[in-house]
Amino acid sequence: MNEIATYSNNVTKLTTEIKVIQDNVCKGMIEIGKRLIEIKKELGHGQWLPYLEKELGYKPTTAGRLIRIANEFGTINCSALN
């Protein structure tokens, strides 16, 4: 038997807020990755790693993950994940 759950207005409101934040995080990670790809192409040899640490405080693995997200999911509709 499937019962429809009933939540308080506060739980419903907070759930909606979480879904909006999830959408923003998804979009943000993709957009950061896209920009990192552009920056990496523009920087000269040997400047990428110092740039990541100095300007963004990113480890190379973090930047690599964001770039991979942009490459693999750059066309995804983040809202559809909710």
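I read the fold along the sequence first, and the protein chain follows the pattern α-α-α. My count for the protein chain is 3 helices and 0 strands. I note here that the model is predicted.

**Overall dimensions**

I looked up the extent of the C-alpha trace next. Along its principal axes the trace spans about 60 × 25 × 20 Å. The radius of gyration of the protein chain is 18 Å, whereas a compact globule of 82 residues would have one near 12 Å. I then checked burial: of the 82 residues in the protein chain, 16% are buried. For the accessible surface I have about 6700 Å², with 56% of that area belonging to carbon and sulfur atoms. I also took the contacts between residues at least 6 apart in sequence, and 67% of them join residues at least 24 apart.

**Helix 2**

Which residues of helix 2 are buried? I find Trp48, Tyr51 and Leu52 buried in this helix, which covers residues 48–56. Looking down the axis of helix 2, I see these buried residues fall within an arc of 100°, so they line one face of the helix. What do the buried residues of helix 2 pack against? Their partners are helix 1 and helix 3, the latter being residues 60–73. I turned to the other side of helix 2 and found Glu53 and Lys54 exposed there. I also looked at what comes after the helix: Gly57 follows helix 2, and its phi is positive, near 70°.

I went back to helix 1, residues 9–42, where Val25 is found. Ile21, Val25 and Met29 make a nonpolar surface patch of about 240 Å². I wanted to know why Val25 counts as partly exposed. Its relative accessible area is 43%, and partly exposed lies between the buried limit of under 20% and the exposed limit of over 50%.

**The loop between helix 1 and helix 2**

Where is Gly44 placed? I locate Gly44 in the loop between helix 1 and helix 2. Gly44 is partly exposed, because its relative accessible area is 33%. I took one distance from Gly44: its C-alpha atom and that of Leu66 are separated by 20 Å. Along the chain, Gly44 and Leu66 are 22 residues apart.

Conventions: Residues are numbered from 1 along each chain as its sequence is written. This is a predicted model: local features need pLDDT of at least 70, side-chain atom pairs count only at pLDDT 80 or more; totals for chains, interfaces and linings use all residues. Side-chain values use heavy atoms; hydrogens and water are left out. Patches are made of residues with over 30% relative accessible area and no salt bridge: like charges are joined within 9 Å, nonpolar side chains (Val, Leu, Ile, Met, Phe, Trp, Tyr) within 5 Å. Accessible areas come from the Shrake-Rupley method with a 1.4 Å probe; for residues, only the protein chains shown count as cover. A salt bridge is a side-chain nitrogen of Lys or Arg within 4 Å of a carboxyl oxygen of Asp or Glu. Helices (H or I, at least four residues) and strands (E, at least two) are DSSP runs, numbered from the N terminus. Buried means under 20% relative accessible area, exposed over 50%, partly exposed in between (1.4 Å probe, protein chains only). The radius of gyration is taken over C-alpha atoms; the globule rule is 2.2 Å times the number of residues to the power 0.38. Contact means heavy atoms within 4.5 Å. The arc is that of the directions from the helix axis to the C-beta atoms.
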